[in-house]
Amino acid sequence: MLELQNLKKAFEDHVAVAGLSFTLQKGEVLGFLGQNGAGKSTTMRMIAGVLEPESGDALVNGHSITTARRAAQSQIGYLPEGAPLYRDMTPLTFLRFMADAHDLRRSERKNAVDRVIADARIGNVTGQPIATLSKGYRRRVGLAAALIHDPPVLLLDEPTDGLDPIQKRAVRALVARMAPEKAILISTHTLDEVPAMCSRVIVIDKGHIVADETPTALAESKPGGLEEAFIDLADSREAEPC
Amino acid sequence: MLGVDWHGLVTGIRAAWRREISAYFATPLAYVFVAIFLLVLGIFTWDLSRFFDTGAADLGPFFYWHPWLFLLFMPALAMRLWAEEASQGTSELLLSLPVSLSGLVIGKLLAAWTVAAIALVLTFPWWITVNILGPADNPAIALTYFVSLIMAGGYLAIGAAVSALTRSAVLAFVIGVLVAFILTAAGWPLVSGAIAEVLGPAAGDAVAQFSFVTHFETAQRGVLELRGLFFFFGFIALCVTLNTLFISQRRGST
């Protein structure tokens, strides 16, 4: 469903993503781990078509993000880091805008909006301006927007950041419910969530993959479990000049 | 045809237009803009142009101010179109949508243009007044309104394109006004005359041809010049192209 082929991005002074390649199949939930600046968000932005790769490609359901961007983007639900939203809109008008942008038919639109409102559990705030919502609710509105067109591939950048434990549990349950039908890539800092949500883990450091395992295998690789394994891997490479 | 993704273009225009119209009217922005525009245009026409003292059934004193007010008001209307997307991080959301970038650019411009059209429509009491004063040349007035609306699109296109260059709406406004001022003042006899004196009459004429005022004045005389329409639509197309280019560059550097 998702195939990264030597995806690379460099900024002025450093290599952010150094030729990543991996595939993600339907039914897989891939935890994308790494410390801040490791290249997680840059990778997700390239897959989502927000950033242009310097070289390489990402195929989403067979559609290239570099040569068939619109077709590829229509297969992706993307929750950007920080869940940026239009603060002057209400969740309802925002979700209608997203439905328009995904060219849902009028007859599909209402059902899609109702479905994601129920899935993200935001029914009690749909008429409230987004600016007045708590961070947790805003994150859930962003999640609802990512799901509006029922995409086969989901990219969730820190989906539980800012949520309280109950909300985190709800997001985990939602991911588990969707997992059999979708390929899901989740970037997270919260290691506790990885075994609960993910069937596979990739750790990146300075734009390189340094581990690609199941959460159990990664946790068992060190006596200190997942946290120790992550700390060992997350800063294991020398910085690479551009 | 010509490699244009029409479906993505139309989807982008529709989504961006609806979003921006909702943004203009969800806050007092559009209402305040229209109210202040009508008030200032009214004061200028009534007081500075001595509209009623002319004793003529002519909207010339009213249309005279349009370019000069547009150069301030249209960049104000357009300044947040793209700058705010950058400052609030929502451009990332927009760039991830399966729509054409040109569609988003055109949709946003059309939304601002719609607000400008509403402001122009609400000046209808002036048109009624001039008909009460005497027999007015209504086809010429309708033509001037039409060209004024097209000209407003030109000023908005400048504001939108400049807004794509910065994260600050205020900076976008200042630069937008500056560019708009140059394109307005170039047709002012004082400026084109000075250029003609220094560089020769051909240079003065050439500079004046790049001014909005020059082409608008032709319409004010009741003449619809295709050259004028080409100028305005060509200029808008150029700004839309630049705007799309500026936004697409965010894909390389976000």
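Two strands pair if DSSP finds at least two bridges between them, and strands themselves are DSSP runs of type E with at least two residues, while helices are H or I runs of at least four, both numbered from the N terminus. With that in hand, here is a friendly tour: in strand 4 of chain A, the bridge partner of A:Leu2 is A:Val60. This is a predicted model, in which local features need pLDDT of at least 70 and side-chain atom pairs count only at pLDDT 80 or more, whereas totals for chains, interfaces and linings use all residues. Residues are numbered from 1 along each chain as its sequence is written, and chains are lettered from A and ligands numbered from 1 in the order in which they are written.

**Chain A overall**
- Chain A holds nine helices and ten strands.
- Its C-alpha trace spans about 50 × 40 × 35 Å along the principal axes.
- The radius of gyration of chain A, taken over C-alpha atoms, is 18 Å, which agrees with the value near 18 Å for a compact globule of 242 residues; the globule rule is 2.2 Å times the number of residues to the power 0.38.
- Residues are in contact if their C-beta atoms, placed from the backbone, lie within 7 Å; among chain A contacts between residues at least 6 apart in sequence, 66% join residues at least 24 apart.

**Strands of chain A**
- An open, antiparallel sheet is made of four strands in the order 2-1-4-5.
- Strand 2 (15–24) and strand 5 (63–64) are at its edges with a single partner strand each, so one side of each has no neighbour in the sheet.
- Strand 1 (residues 2–10) runs antiparallel to strand 4 (residues 55–60), and five bridges join them.
- Elsewhere, strand 6 pairs with strand 7 (residues 153–157) in the parallel sense over four bridges, with A:Gly77 opposite A:Leu154.
- In strand 6 (residues 76–79), A:Ile76 and A:Tyr78 point one way and A:Gly77 and A:Leu79 the other, and all are buried.

**Where the chains meet**
- The contact draws 23 residues from chain A and 24 residues from chain B.
- On the chain A side, helix 1 (40–48), helix 2 (69–73) and helix 3 (91–101) each give two or more residues, and helix 3 has the largest share, with four residues.

**Nonpolar cores**
- A nonpolar core is a set of buried Ala, Val, Leu, Ile, Met, Phe, Trp, Tyr and Cys residues joined through C-beta atoms within 7 Å.
- The largest one has 143 residues, and those touching the most other members are A:Phe94, A:Ala144, A:Leu155, B:Ala112, B:Leu156 and B:Ala160.
- Apart from that core lies another of eight residues, including B:Phe63 and B:Trp126.

**Chain B close-ups**
- Helix 1 (residues 6–26) of chain B has 21 residues and reaches 30 Å from first C-alpha to last, close to the expected 30 Å, which is 1.5 Å times one less than the number of residues.
- Among its buried residues are B:Trp17, B:Arg19 and B:Glu20.
- The cover over the buried residues of helix 1 of chain B includes helix 2 and helix 3 of chain A.
- B:Glu92 counts as buried because it has 23 C-beta neighbours inside 10 Å.

Technical notes: Contact = placed C-beta atoms within 7 Å. Buried ≥ 20, exposed ≤ 12 C-beta atoms within 10 Å, placed from the backbone.
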